[in-house]
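Me: I have a chain open here and would like to go through it piece by piece. Can we start with the overall picture and then move to details?

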Amino acid sequence: MASVKAFPTIKSIRSFVIGGVGSGGDYHNVKGGHWLIDSPISTPCSRWEKYRASRTSWGINVLGSFFVEIEASDGTVGFATGFGGPPACWLVHQHFERFLIGEDPRNTNHLFEQMYRASMFYGRKGLPVAVISVIDLALWDLLGKIRGEPVYKLIGGNTKDRIDFYCTGPDPPAAKKMGFWGAKVPLPYCPEEGHVGLKKNVEFLRKHRESVGPDFPLMVDCYMSLNVPYTIEIAKACEDLNINWWEECLSPDDTDGFEQIKRAHPTIKFTTGEHEYSRYGFRKLIEGRNLDIIQPDVMWLGGMTELLRVAAMASAYDIPVVPHASGPYSYHFVISQPNTPFQEYLANSPDGKSVLPVFGDLFVDEPIPTNGFLTAADLDKPGFGLTLNPVARAKLIPSTYLLAIPTNSLPPPVSEEKKEVNGVNGRHVEGELAGKAKA
């Protein structure tokens, strides 16, 4: 009887902060003037006027990008990028690394469960799960490279020969010209800007509808900034504009709100999910049947391992899964699943009028849609098929500097009795101790 071939184990894990702007998995860490950060976009912080001009004013890019490498015992290296910066690197090594070293990288379900459950007391959503996501993606990249196959072949193979894209950006005519089947624009004004802001929003969307004609699909991204009454009102005001869907209108935690807006507008499509985490969060969104599409981000919700679970759950409710951005990580998922009809391309050029790599110059061979689509052949490389750019390698700052914790500490406190013995109210002694501490 033939024996099973030994498989490499995880030898080491390294993490890096990506210096500068424009490279890596933090979409919003771009240069000033970029449409993503410096054009009018309604956000949860737009209710305060001083945070309306730029999304960086309230800190959308405060974490920055980071990069993870996982090396196997045979020398193969898998890697991935995401957002999280220095805090992400800290979590990789101070917490999650213990579950990885020496383990079989094929055990993605087991490794995810350990990292997720070990961080439940401070995680469940947000940064901790996003860090797990990047580790998970690096594991899948490693597996593909060891086996010499693209990730999409490891998760079921292709269910379609090509992926069609819509474009999120500021210029729908440009998206149409570049070959995308539809365009999504950010809503500029928030509810706190009152009736005048509502009127401006309607005029803004009417202008875009007129610019692309009546039949080109047009979607609206509200970025968690609206409430139930405002969503119902603006959807009603724009009925004649044939908006294909309204995206992320409410707070991610207002799941009951989606039921209310769907009840008010049963024939209008609503989507969300970009800022939801894990299968537990998506279960609530899916089981209500109030959403027409869910839009998880594979770099945030828990990685490919958790995204596959969410997609399986959604398929039982016949809800399409259209991932938020995430470049090739999403492309491998979309081409492999039956309930993933198309994919988002997030315009990375400063003016949104050209197609550039989602991760900037981090990789030399990131696939990007041409004429609005990609084929399975474009993804046929081991792992996620990405090669680190030597120029970008120079921007990677090893996280070891974060982990060198100073061992010297402040001296123990001086008791009241000793203060009385050694000086009036202890001032002289405390001064000496402070001097020693500084030395």
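Me: How many helices and strands are there in the chain?

Reply: This is a predicted model. The chain has 16 helices and 12 strands.

Me: And what is the radius of gyration of the chain?

Reply: The radius of gyration is 25 Å, close to the 22 Å that the globule rule gives for 439 residues, so the chain is as compact as a globular protein of that length. The C-alpha trace spans about 85 × 70 × 40 Å along its principal axes.

Me: What share of the residues is buried?

Reply: Buried residues make up 55% of the 439 in the chain.

Me: Among contacts between residues at least 6 apart in sequence, what share joins residues at least 24 apart?

Reply: The share is 71%.

Me: Charges, then. How far apart are the mean positions of the positive and negative ones?

Reply: They are 1 Å apart, taking the 44 positive and 50 negative charges of the chain.

Me: Moving on to strand 2. How many of its residues are buried?

Reply: Eight of the eight are buried, so strand 2 is largely enclosed by the rest of the structure.

Me: Which residues point which way from strand 2?

Reply: Ser 65, Phe 67, Glu 69 and Glu 71 point one way. Phe 66, Val 68, Ile 70 and Ala 72 point the other way, and both sets are buried.

Me: In what sense does strand 2 pair with strand 1, and over how many bridges?

Reply: The pairing is antiparallel, over seven bridges. Ile 10 has Ala 72 of strand 2 as its bridge partner, and Arg 14 stands opposite Glu 69 in strand 2.

Me: How many bridges join strand 2 to strand 3?

Reply: Seven, and these two strands run antiparallel. Phe 67 stands opposite Thr 81 in strand 3.

Me: What do strand 2 and strand 3 form, and how many residues are between them?

Reply: They form a hairpin with four residues between them. Gly 75, in the turn, has a positive phi of about 95 degrees.

Me: Back to strand 1. Why is it described as largely enclosed?

Reply: Seven of its nine residues are buried, so strand 1 is largely enclosed by the rest of the structure. Strand 1 also pairs with strand 12 (residues 396-398), in the antiparallel sense and over three bridges. There, Phe 16 has Pro 398 of strand 12 as its bridge partner.

Me: Now helix 2. Which of its residues are buried?

Reply: In helix 2 (residues 85-94), the buried residues are Gly 85, Ala 88, Cys 89, Leu 91, Val 92 and His 93.

Me: What covers them?

Reply: The cover includes strand 1 (10-18), strand 2 (65-72) and strand 3 (77-83), along with helix 4 (127-147) and helix 14 (400-403).

Me: What is Pro 188 in contact with, leaving aside neighbours within four places in sequence?

Reply: Its contacts are Pro 40, Ile 41, Ser 42, Glu 193, Asn 201 and Phe 204. The C-alpha atoms of Pro 188 and Asn 201 are separated by 6.5 Å, with the two residues 13 apart along the chain.

Me: Last topic, backbone angles. What is phi of Arg 124?

Reply: Phi is near 80 degrees, a positive value in a residue other than glycine. Arg 124 sits in the loop between helix 3 (108-118) and helix 4, and counts as partly exposed at 45% relative accessibility.

Me: And what is phi of Asn 242?

Reply: Phi of Asn 242 is near 55 degrees, again a positive value in a residue other than glycine. Asn 242 lies in the loop between helix 8 (228-237) and strand 7 (243-247). At 49% relative accessibility, Asn 242 counts as partly exposed.

Conventions:
Residues numbered from 1 in each chain as written. Predicted model: local features only at pLDDT ≥ 70, side-chain atom pairs only at ≥ 80, totals over all residues. Heavy atoms only, no water. Buried < 20%, exposed > 50% of the residue type's maximum accessible area, 1.4 Å probe, protein only. Contact = heavy atoms within 4.5 Å. Pairing = 2+ DSSP bridges. Rg over C-alpha atoms; globule rule 2.2 N^0.38 Å. Lys, Arg positive; Asp, Glu negative; His and termini not counted. Charge placed at Lys NZ, Arg CZ, Asp CG, Glu CD.
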